[in-house]
Number of protein chains: 2
Amino acid sequence: MAEAIDYKVVGTRPVRPDGADKVTGRAQYGADMNLPNMIYGKVLRSPHAHAKILSIDTSRAQAMDGVFAVITGDDFPSVNDGGELGGEGGGSLSGLAQNIMARDKVRYNGHAVAAVAAKSLSIAEAALDAIEVQYEKLEPVFDVLKAMAADAPLLDEQCFTQGLPEKPEKPSNVAGVMTLARGDLEDGFAQADVIVENEHVLPMAHQGYIEPHACTATVAEDGHATVWASSQGHFELRGQVAALTGKGISKVRFVPMEIGGGFGGKTRVYLEPLAVMLSEKSGRPVKMMMTREEVFRATGPTSGTVARVKVGAKKDGTLTAAQLWIALEAGAFSGAPHAPAAMAVFAPYKLENFKVEAFDVMVNKPTVAAYRAPGAPQSMHAMEVAVNELAIKLGMDPIDLRLKNAAEEGTQAPYGPKFSVIGLKECLEAAKAHPNYTKPVPEGAGRGVAAGFWFNIGQQSSAEVHINPDGTVQVVEGSPDIGGSRASMCIMAAETLGVPYDSIRALIGDTETTGFCNVTGGSRTTFATGLAVIQACEDVIASCKSRAAALWGVDEDQVEWEDGQAVPGPGVNADVKPMSLADLAAKAHKTGGPIMGKASLNAQGAGPSFSCNIVDLAFDRETGKVDVLSFTAIQDAGTAIHPAYVEGQYQGGAAQGIGWALNEEYIFDSNGVMQNAGFLDYRVPVASDLPMIDTQIIEVPNPSHPYGVRGVGETGIVAPLAACTNAARDALGFLVPDLPLSPPRVLAALDAQEKG
Amino acid sequence: MAEAIDYKVVGTRPVRPDGADKVTGRAQYGADMNLPNMIYGKVLRSPHAHAKILSIDTSRAQAMDGVFAVITGDDFPSVNDGGELGGEGGGSLSGLAQNIMARDKVRYNGHAVAAVAAKSLSIAEAALDAIEVQYEKLEPVFDVLKAMAADAPLLDEQCFTQGLPEKPEKPSNVAGVMTLARGDLEDGFAQADVIVENEHVLPMAHQGYIEPHACTATVAEDGHATVWASSQGHFELRGQVAALTGKGISKVRFVPMEIGGGFGGKTRVYLEPLAVMLSEKSGRPVKMMMTREEVFRATGPTSGTVARVKVGAKKDGTLTAAQLWIALEAGAFSGAPHAPAAMAVFAPYKLENFKVEAFDVMVNKPTVAAYRAPGAPQSMHAMEVAVNELAIKLGMDPIDLRLKNAAEEGTQAPYGPKFSVIGLKECLEAAKAHPNYTKPVPEGAGRGVAAGFWFNIGQQSSAEVHINPDGTVQVVEGSPDIGGSRASMCIMAAETLGVPYDSIRALIGDTETTGFCNVTGGSRTTFATGLAVIQACEDVIASCKSRAAALWGVDEDQVEWEDGQAVPGPGVNADVKPMSLADLAAKAHKTGGPIMGKASLNAQGAGPSFSCNIVDLAFDRETGKVDVLSFTAIQDAGTAIHPAYVEGQYQGGAAQGIGWALNEEYIFDSNGVMQNAGFLDYRVPVASDLPMIDTQIIEVPNPSHPYGVRGVGETGIVAPLAACTNAARDALGFLVPDLPLSPPRVLAALDAQEKG
């Protein structure tokens, strides 16, 4: 590990700039924009999981008092651009176009079929009832394995599997396959002294953000649309709205509102293009808000999966071969995270022989969206459980087994490149030494550990930094603040400029006031947008040095920047006094006008982040209820810019991973109707369900970032699934391969074991 | 004149980007921001023109149901900073502090004494009635000459005249004096064959913007204030709010709304700091709106003046000497535009001998603010009438007389510098050849001509230009769009980048989203902010060339920018194809991220603008009513970026000048109470009062601007006053020296003449 750097602001825990507004209710979220003459939009959703639309008669709805506009798929331009969607979500633009409003057929229960805008929500709802849709029901397919069968009902007759050596002859529900392999699998397994093989079924799970999707849109008479909505990336959502409405980018302004959680699920549009079309048709501003039920039925959960894993090891613990076959549900339109699932699964290990096959499979369920480290929790659950089983078979400590095989600097990642400096070993060693690992397992409980990984990404960001006339600093950038990025940007700007944190204010600009930024996702924001902020501050410093040089009548290279001041360097007249940013700002009009800096970039060198989690679970053998006794999240942050936020990310990732492991699942009836579309029945962990999540920040700085940032948002959800399964294995004495470990499943497993 | 340049977009007349929103009522003006839980603020105003405040008892008002906050001068920090206010308005920060809320005394009828915020306007008004103020009345002074007398009642015991060789021993109502002189006045008048001497009294007149002052402010629990208001410069008003509330710049965000006219009068705060203080005290958003009466009684008119002029000429028309003594009413706090009045008066003429003395004099009337070419209409009225009288005495054509003495390139302006290329002679020659001048004067009417002048200024501006992923262009700058600057910025950006006008959108950023810009005033916006936009576009082009070079594997200097495309230069492989801005934008992620450019500057080289106006007036000798038969505004624009807007500026300036000449005036009773504080009694010209104003754009490009822009907003109001007086002279056969030429004055003059 590099020696700790003596930062002045980085690593401190100042008050968050958006805090006061959020705790006092002043912060404005997606539903909070109101405009004069505003009307309300609602969506008519399919009652069938799979059906042809024969006709839609909107005439009765159109004629109702108080109804201003009705739209169907016919109102939208056809989008044949099959290009990949940006962000982490996968999927195509044409799939998105059909997902937001069905055209010829419906592909899942809840699929949007029409929308109305009316002067009140109740009139809008009544108008939905007045729309008559004639369907021809088609046979649905819900099970991912059945959907892969040759004789499965097809969701899309035009879908030919991508990723095969040749285009297949027949269409299929398998939209894509990714295969990764290295070495000789047969030879690898032949070298193994022990081999573990398992199959795991994991359910579809929702991101569970507290804020439902909501937006307000208004289209002016010149066709220019403004959309107010919360999202993880208003620039990318602007692009989606522009494409799906046919307006083009310069005719759409997207204004970011505060966001009440996204976790990957707010990287794509649902209501926004509908609201724009309804506003265009009605000439009025239109507000649309989903109910919680709509969020569950019609917005992106993550894929349910079936995974088959096989891993071999020598007696000394050396992994010799590993194989994963995993089918991921895409829901109604292609775009399951099969690629990251495949690329991540073996990332923590040095492996000479492996093979992964991952499938993107359409089924008649809601279309999936990205969910925090998309694909990795599912695939790595299989691997990390297998490694645990190997440790049991070998009689090794599971952390020792991982340390023996742990990837390190120079290891060729299974997905291609060689790792630069990474912190996996540091995390594993910290876990091994952690009191929560060294203390005895509580009576009757079980302990599980697992490793986690996420790539982290760079992508495009822009930032502008303006120096106010009094020397205070305004940072503008375009990444929505989900996990505290305003504070992180202010910290990095303060560190770079050498001025106090309190003198800096960060603002998230809308799509017409600042430069393009990709989504807040991929754990990229603190890394990439931070880099843009740092570079924009360096641009400011360069300008300040040149202004000081002009004022002092010296060369630019005779001026240094220290502690927020231009300081005369060697050779400058001794009576020249340093000038602070405020001094320079006050004289800016004499030295070329307002001081500003900017930067835009496509950030390279994102640093992968590894983790190790430890969990103690207690099982009530009467009821099947599981109690989380302790949970420890250890993860490499690179450098923790604002440690409290980093800990919050670890805790949030852990809570979501625990929820998925222990309780969360989509439950459908035989017609594909979700049976638990509400937070009462779809039970995410609440505060009383969890102990305080212990965190430990490991800092192995990313050499490609000036302050060593890696990104911390996603890795945290990866390991909890396997850690919980491994803890259950330890507590129960046998493996329950599938999730969630809900009371019914635990009881059934105990029953089967007793009978077995 | 330089040869006309073959521009592609500059000089065209595209549809204004803000037009659709403005004509359909979507545009949001100062009063249009509404927030949840918003309450309403009102101001208690002094019934006395001059009084000490003995006590203010707000307890009854505070206790009223529905009243959330009451403030008086005690709630504001004392501002002792006597520093000059920015913008064109003159005055000091400490004067502004006392003007927005009286402290120890009131200085005019209408002066703010307290303010309340309540849940409705009617409760707020009732609460004002419940505030008890004890005054000790002081003797007021309304007449500028009386105010200058040694024994005048003093408005400010601490006011010692600025601009004298030594600080005077005694305080006075004369806040400042400017003296300009050159040559030998006595010798000059001795050379003269004819001499004219006049005295003119001009009334206080209001800018008459249609939109009254209004704002909404909210202060969050962390003390951060946001203000929505229309203004001519939200950055400068932010600074005023920050200083007057004691918050500091980084705690105030100022969001510009559309502005319904300003003309100089919206360069300073009135309600904004009050709304902030009321919001801070109440914890709620506060909206404040002035009535028209309040606008007249308590916001900046321009100075009434008394001017004494003496000009001599030889028989051949050569001007030999000129002298002006002018006293300008400042109203209640110092800041009359005596400096520009002095500097402008003789600008159109080559003059070897002159002297000007101009005085900034406080009287117990509303505090003046800038009004379109502040000070110049009043001082130049005196000079241009004198020149006309000289022409009559000499039997010369008044345009010929001006041409004989006209300033030109190399003439040393009376205010110091030598003129660069200017267009005065071109304007005079165009006037002489104009059909409205060569045609006979209609029976019974009179014709007047006069010259006009304004300096135009540069000051600070910033701009950012972002290239969208589809190659469309977003311009962001901080100058409120009053006269069509969004369109002008788009035109200049289109010309510079070589892309269509329609592909560009300009946005006025708020104080936290874009770089500092001085006020939209001084006719600086198209010049200075335009320069920033042009430079930011050049920054974009540089980035595009470097990206194309990288993509083509050639040196940057082998790439040229032509017609919106990067074009391979000599020596580049022949199969390399040009890349458009859209092509480059699509590949931006591979060439360093989003394309953006920025510029900030303190613009130098603003080009003065001259004008010549011709007016035909007909007088009804029974009623004194005046009809404007024709009006011709000829003015040098430098280059007209959007000619329709330039013509609009000429017409607007003419309409305001005509109104001031013929009808507008503040009428006070003997207690200093304005008697005509409404548009029914304070009569600005409406459409039916005026003929279509004929315009002729003279283009003598400003060599200091890439497209030759001078600025056109202010010069247009300067000449109409004298042109009307000169037309009246021609029609009536004798001089009516004072304004307005309203029916009572015309009748009185006719009566006096008859009685002779």
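Predicted model: local features only at pLDDT ≥ 70, side-chain atom pairs only at ≥ 80, totals over all residues.
Residues are numbered from 1 along each chain as its sequence is written, and chains are lettered from A in the order in which they are written. Local features need pLDDT of at least 70 and side-chain atom pairs count only at pLDDT 80 or more, whereas totals for chains, interfaces and linings use all residues, and side-chain values use heavy atoms, with hydrogens and water left out.

**View 1. The contact between chain A and chain B.** Chain A brings 50 residues to this contact and chain B brings 51 residues, where contact means heavy atoms within 4.5 Å. About 4,000 Å² is buried between the two chains, and carbon and sulfur atoms give 53% of that area; buried area is the accessible area (1.4 Å probe) that two parts lose on being put together, summed over both.

**View 2. A salt bridge between the chains.** The side chains of B:Lys598 and A:Asp539 meet in a salt bridge, with 3.4 Å from N to O. Six salt bridges are counted between chain A and chain B, each being a side-chain nitrogen of Lys or Arg within 4 Å of a carboxyl oxygen of Asp or Glu.

**View 3. The side of chain A that touches chain B.** Among the elements that give two or more residues to this side are α1 (19–23), α16 (525–552) and β25 (596–603) of chain A, the helices (H or I, at least four residues) and strands (E, at least two) being DSSP runs numbered from the N terminus. The most is given by β25(A), with seven residues.

**View 4. A tilted ring pair in chain A.** The ring centres of A:Phe453 and A:Phe610 lie 5.0 Å apart with their planes at 45°, so the pair is tilted; rings of Phe, Tyr and Trp (its six-membered ring) pair if their centres lie within 6.5 Å, and planes under 30 degrees apart count as stacked, over 60 as edge-to-face and the rest as tilted. Because A:Phe453 lies in strand β18 and A:Phe610 in strand β26, the pair ties together parts that are 157 residues apart in sequence. A:Phe453 counts as buried at 0% relative accessibility, and A:Phe610 is also buried, with a relative accessible area of 0%, where buried means under 20%, exposed over 50% and partly exposed in between (1.4 Å probe, protein chains only).

**View 5. An edge-to-face ring pair in chain B.** The rings of B:Tyr415 and B:Phe455 have centres 4.8 Å apart and planes at 70°, so this pair is edge-to-face. B:Phe455 is buried, with a relative accessible area of 12%.
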